[in-house]
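This report is for a reader new to the structure. Please look through the sequence and the model before reading on.

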Amino acid sequence: MCSRTRSRNRTGRPRSAEAGTAILEATRAVLVELGWSKLTMGDVATRAGVAKTTLYRRWANKNELVVDAVAVLFDELELPDLGSLQADIENVVLQFGALLERPETKTALMAVVAESTRDEPLRERIRASIVDRQKRLVLEGRQRAQERGELPEKRDPATVAAVDDLIFDVVAGAVVHRALVSAEPVDEAWVRRLTALLLGGLTAAAEL
């Protein structure tokens with residue numbers, strides 16, 4: 001009996017994980033098809049093939065659901081180790097640009113950002129689920145560059161945190177504006193110019 005119980009537990013968790021993945025995929029698909037204003041939890045449940053109660057056990061409303069649906073896309077970004085800070089930055093920025101070209105990312109991100117202007121809890125969820133999670137890329141890049149001797153090591157944690165925040169804001173702001181506001185390509189030539197500008201600024205910021 002104990003063995004059967006353990007077996008049932010093992011098979012239950014993967015089904016839960018698969019349901020979560022299906023729900024997030026369905027959310028992005030329905031959002032592209034219907035738009036923010038028409039999307040409902042019922043639409044997502046139908047597309048994912050689950051009961052609506054399954055959604056509400058995990059997400060209180062569609063705001064939370066859509067943020068999580070787009071957050072997992074940003075989790076795909078990785079900072080490579082290509083031997084130099086310049087090459088690493090260029091690669092991850094190109095990944096970011098390619099991610100924003102995907103209809104599901106573009107639609108979901110613009111929808112939640114627009115909605116968050118009048119919804120403080122949603123803004124906080126975006127910050128926690130997307131912004132704070134993706135700052136890991138800046139931390140990894142800085143630490144790696146310091147190990148290579150490309151950037152000096154700073155001992156003041158407040159200064160380090162402030163510079164890391166600034167780097168993230170500059171890169172994220174520039175790429176989002178380029179891709180979603182100006183509707184211009186985030187191509188290799190543009191990324192090289194952005195990286196050169198960023199590296200020049202990093203040298204100055206590291207001395208402050």
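Which residues does Leu-65 touch, not counting residues up to four places away in sequence? They are Ile-23, Leu-24, Thr-27, Met-41, Val-44, Leu-55 and Trp-59, where a contact means heavy atoms within 4.5 Å.

## Basis

This is a predicted model, in which local features need pLDDT of at least 70 and side-chain atom pairs count only at pLDDT 80 or more, while totals for chains, interfaces and linings use all residues. Residues are numbered from 1 along each chain as its sequence is written, and side-chain values use heavy atoms, with hydrogens and water left out.

## Chain

The chain has ten helices and zero strands; helices (H or I, at least four residues) and strands (E, at least two) are DSSP runs, numbered from the N terminus. Of the 208 residues, 40% are buried, that is, under 20% relative accessible area with a 1.4 Å probe, protein chains only. Among contacts between residues at least 6 apart in sequence, 67% join residues at least 24 apart.

## Core

Leu-65, Phe-74, Val-93, Leu-100 and Val-175 have the most contacts inside the largest nonpolar core, which has 54 residues. Such a core is a set of buried Ala, Val, Leu, Ile, Met, Phe, Trp, Tyr and Cys residues joined through side-chain atoms within 4.5 Å.

## Helices 5 and 9

In helix 5, Val-93, Phe-96, Gly-97 and Leu-100 meet residues of helix 9, including Val-171, Val-175 and Leu-180.

Note on methods
Buried < 20%, exposed > 50% of the residue type's maximum accessible area, 1.4 Å probe, protein only.
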